[in-house]
Each structure stands twice: as structure tokens, then as C-alpha cells.
Amino acid sequence: MSQHFTPVAVARAHILAACAAVTGTQRVPVRDALGRVLAADVISPVSVPPHDNSAMDGYAVRAADLAAGTETRLRIVGTAYAGHAWQGEVGAGEALRIMTGAVMPAGADTVVIQESVRTDGDAVVVPPGQKAGQHRRRAGEDLHAGEAALRAGRLLRPADIGLAASLGVAELTVRRRVRVGVLSTGDEVMSIGDAPREGGIYDSNRYTLTGMLTRLGCEVVDLGVAGDTREALSAALESAVGEVDAIITSGGVSVGEADFVREILASLGQVEFWKIAMKPGRPMAFGRLGRGERGTLLFGLPGNPVATMVTFYFFAREALLTLMGVAPVAAPIHFSAVSDTAMKKQPGRTEYQRGVLELRDGGWHVAVTGAQGSGILRSMCDANCIIVLGDDCGNVAIGDAVTVIPFEGLI
Ligand code: AMP
Ligand code: MG
């Protein structure tokens, strides 16, 4: 492939280098923090668990009382329930009936599970072979007071929400949401509700982009459709610069159209136009519009519906996560699968095929979803993964290993 094509890795690195987390933060109730990005470490005000407690229903005993090779008979002195500390001390020759989660009483250090004992009046008979300290959860074994329970930069998942709640933390400090404007371009592009017209097509990109951005946790600002005129495009962009953190456009960056778009973007900021060594994709623009401290990032994605989605996933996604304050941004989950389809592939560019991934005969298999044209959005609907054929990869034969990225988890 000739040198004027920019490798995927070079374009991605360039984009990432231009991105930094938004600085605004807000306090939100724990329940509302799902999917938000933590802006400050959550320091645990308590130890978890707060005190030694029993991991099982049974008897709290003193390990020193237990005979090595024979049964031990201990006097039952009471019962400890979870949530009700038993006042008193387990003395020599004594045992306390204890429930899971109940605080370990003073004096006792070991729990004998109820299934292994026999009771006899007010005595419990413990068989030999118990281990000192068994079935006791130690205070702080999950977390010590003063330690960071959750680190800044975390995209909060249900377990994180639960962990924060388990510390009694009511509110979390999260980054403000990233605002992204979405603009479609093209004289042929119609919005839902427009009367069908000769040569017109209904817009899909604003909808796929809105979906992907919403799943990512961004606030979406619909900038509508700009026709292929200087006035329409500059008006739409100018209205959004400074109002949003990023603008994502689709269409209008291919070679035939780039010239007047290039001029407009040059007048609004600094934008680079690339031909990326990838398929689908290829034409893409990236830069910064407006002045001021940060300006507004511009992602000019190609117009073909599959190309729009693929370039979003492989260029905009990481950049937006960085803006959202996610740190570190992890690579999407990818693994190797056996290809059930032969694929023609030119080395020197990265290809993203739509695939159906299936666990069969103890391993992952993937097949391509029919026609792969970059305008065929149905190939994305039918797929459950993207097959990534890297720059070095050539033709793929049935049975070859290929890299796949499942959609679930991607966004
Ligand atoms: P462009 O990059 O503007 O040359 O567009 C490439 C192809 O994508 C053309 O066939 C366009 O009609 C189509 N296209 C552009 N924008 C959209 C859109 N928002 N929704 C669906 N198809 C589009
Ligand atoms: Mg166009």
C-alpha cells in the first residue's frame, strides 16, 4: 500500500495524544453513578468487614480447648445472631452458638460448623481435626479503613456501586458528562418525517452514532443534517463549536467532497485529513475547532454506514473514553477464533469484517456475515463481533486463527 495511506496505529496514536479528560466534576448519589467515571479515589471510612465475624453457622470456640485426637465436650453459653453482638466472653471449656455474619465473641478464635457437631443437653461435642482460626472472617480482610476502595478513572460498574454502598458512602465525585454533537452531511440525506424524494436516503448514521455515544455514557446533541453547501456546513459547525466537547460528523470527507469541507474546517480550526490504510473506512478527518483552552474536537467520519460505525469504534471510542476521564483506557476484549470462512485480504491495511462468533466443539469459531459492503448496515445487525485482520495479515483460509472483538463489551 502506498505511503500516503496513514496506518491505523499512527492515526489512533495521533488522536489519543490530542485528548485529555474534561475537568468538571459533580457529586451524584451512589445509585446514579452507574456508568459514570470516578473523578476522585473513594477512601474507605470503615474497615470491611468492620469486625471479626463468623463465616458459617456453628459454634465459636477456643482452639486451645480442642483435644488433638479425640472429641471435646464444651458447655454452650448462649447464641450470637448477625447484627446483635453477644455481650460476654467465651471462657475455657465453653462454646457459643453463632450464626453467619455474627460478631466473633471475645475469647473465641475458631468456628466449628454445625453439621460436624453433636449436641447433648447444654453441651456441644466437637470432633477432632478442627483447624485453629477456621471459618472466621477477619476485620478488614476485604478493605482497611483509610485505603482507596475505588480509584479515580474507573468507569463505574454494578459491583463498584455495591462496594461504595457497602462503605456507607452516599455520594460519589464523578466527571461531568462529555457532550458530543452529531452531524450528518449530504444533500441526499433525509431525516425521519421528511417526504421521500428522488435520490434521497434516510439518515442512519445519526442514529447509530447516538446509540453508540449513549452506551458510552456521553450526552448527545443532535445537530441534524447539513446539505452539501458551504453555508449549511459552516452554520451547523459554528453553532456547536464551544457548546460541545466534540463534534462527530459523517460523510463529506471523501476525496470528491473534501475540498470545500477542508476550507471550512481550516477556517474554524486545525483539522487533518487522512486516508487511512483500512477497510471499511479510509477517509477521515480529525482536529480541533475553535479557540480557547480546549476548543472542540472534530471527528470527521466517512459516510458509509458501516464505515461510520467501524471508525467510531476504532478511533472515536478510545478518544471519548479519555475525554470522559477513564484511565487507563483498556483495549476492547479480543481473542482468537477459528475462521469458518475464507477471506481475501491485502496486506498493508487493516480490515474489519463483520462476523458471527459461536462456541463450538470446545472452541470459538467465526463466520463472516454475508456481503461486506461498507454501505450494508445489515451486516452489523447480523454480526455479534468484528473480525480484525491486521496490516500484516494476507488471505485467510478456512481453519486459520483470526482476531475477533465481540460487540458486547465494545459498547
Ligand atoms: P460520503 O462520505 O459523503 O461520500 O458518503 C458515502 C456514502 O455514505 C454515500 O453513499 C452516502 O449517501 C452515504 N451516507 C452519507 N451519510 C449518510 C447517513 N447519514 N446515513 C446513511 N448513509 C449516509
Ligand atoms: Mg456526502
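**Ligand site, cores and backbone of a predicted model**

A polar side-chain atom of Glu-188 sits 2.5 Å from an oxygen atom of ligand 1. One of its oxygen atoms is 2.8 Å from a polar backbone atom of Gly-252, and a nitrogen atom of ligand 1 is 3.4 Å from an N or O atom in the side chain of Ser-184.

The shell around ligand 1 holds 17 residues, the closest being Glu-188, Asp-203, Ser-204, Gly-252 and Glu-257. By class, the shell consists of four nonpolar, ten polar and three charged residues. Strand 13 (179-185) and strand 15 (201-202) each contribute at least two of the shell residues.

From the ligand, the next step is the overall layout. The domain assignment divides the protein into domain 1 (8-23 + 176-324), domain 2 (25-48 + 141-175), domain 3 (53-137) and domain 4 (335-406). Between the centres of domain 2 and domain 4, taken over C-alpha atoms, the distance is 39 Å.

In soluble globular proteins, nonpolar side chains tend to be buried together. Here the largest nonpolar core has 46 residues, and Phe-299, Phe-312 and Leu-320 touch the most other members. Two or more residues come from each of helix 1 (8-17), strand 13, helix 3 (205-216), strand 17 (246-250), strand 20 (283-289), strand 21 (296-301), helix 6 (305-324) and strand 25 (385-389). Helix 6 gives the most to this core, supplying 13 residues. Domain 1 and domain 4 each provide at least three residues of this core. Another core lies apart from it, with 21 residues that include Ile-247, Ile-264, Leu-265 and Val-271.

Two buried residues show the surroundings of individual strands. Thr-72 belongs to strand 5 (residues 72-80). Its relative accessibility is 10%, so Thr-72 counts as buried. The side chain of Thr-72 reaches the backbone nitrogen of Ala-67 at 2.9 Å. Val-111 is part of strand 7 (residues 110-113), and it counts as buried because its relative accessibility is 0%. Between Val-111 and Arg-97 there are 9.3 Å in space, C-alpha to C-alpha, for a separation of 14 residues in sequence.

Most residues other than glycine have a negative phi, and most peptide bonds are trans. The peptide bond from Val-48 to Pro-49 is cis, with omega near -10°, and Pro-49 is in the loop between strand 2 (42-43) and strand 3 (53-54). A cis bond also runs from Lys-279 to Pro-280, where omega is near -5°. Pro-280 lies in the loop between strand 19 (278-279) and strand 20.

Arg-282 is likewise placed in the loop between strand 19 and strand 20. Its phi is near 75°, a positive value in a residue other than glycine. With 38% relative accessibility, Arg-282 counts as partly exposed. His-135, in the loop between strand 9 (123-126) and strand 10 (136-137), has a positive phi as well, near 55°. At 32% relative accessibility, His-135 is also classed as partly exposed.

Definitions and conventions: Residues numbered from 1 in each chain as written. Chains lettered and ligands numbered in written order. Predicted model: local features only at pLDDT ≥ 70, side-chain atom pairs only at ≥ 80, totals over all residues. Heavy atoms only, no water. Near = heavy atom within 4 Å. Polar contact = N/O pair within 3.5 Å; in protein donor to acceptor, adjacent residues only side chain to side chain. Helix = DSSP H or I, 4+ residues; strand = E, 2+ residues; numbered from the N terminus. Nonpolar A, V, L, I, M, F, W, Y, C, P; charged D, E, K, R; others polar. Core = buried A, V, L, I, M, F, W, Y, C linked by side-chain atoms within 4.5 Å. Buried < 20%, exposed > 50% of the residue type's maximum accessible area, 1.4 Å probe, protein only. Domains from an automatic or database assignment.
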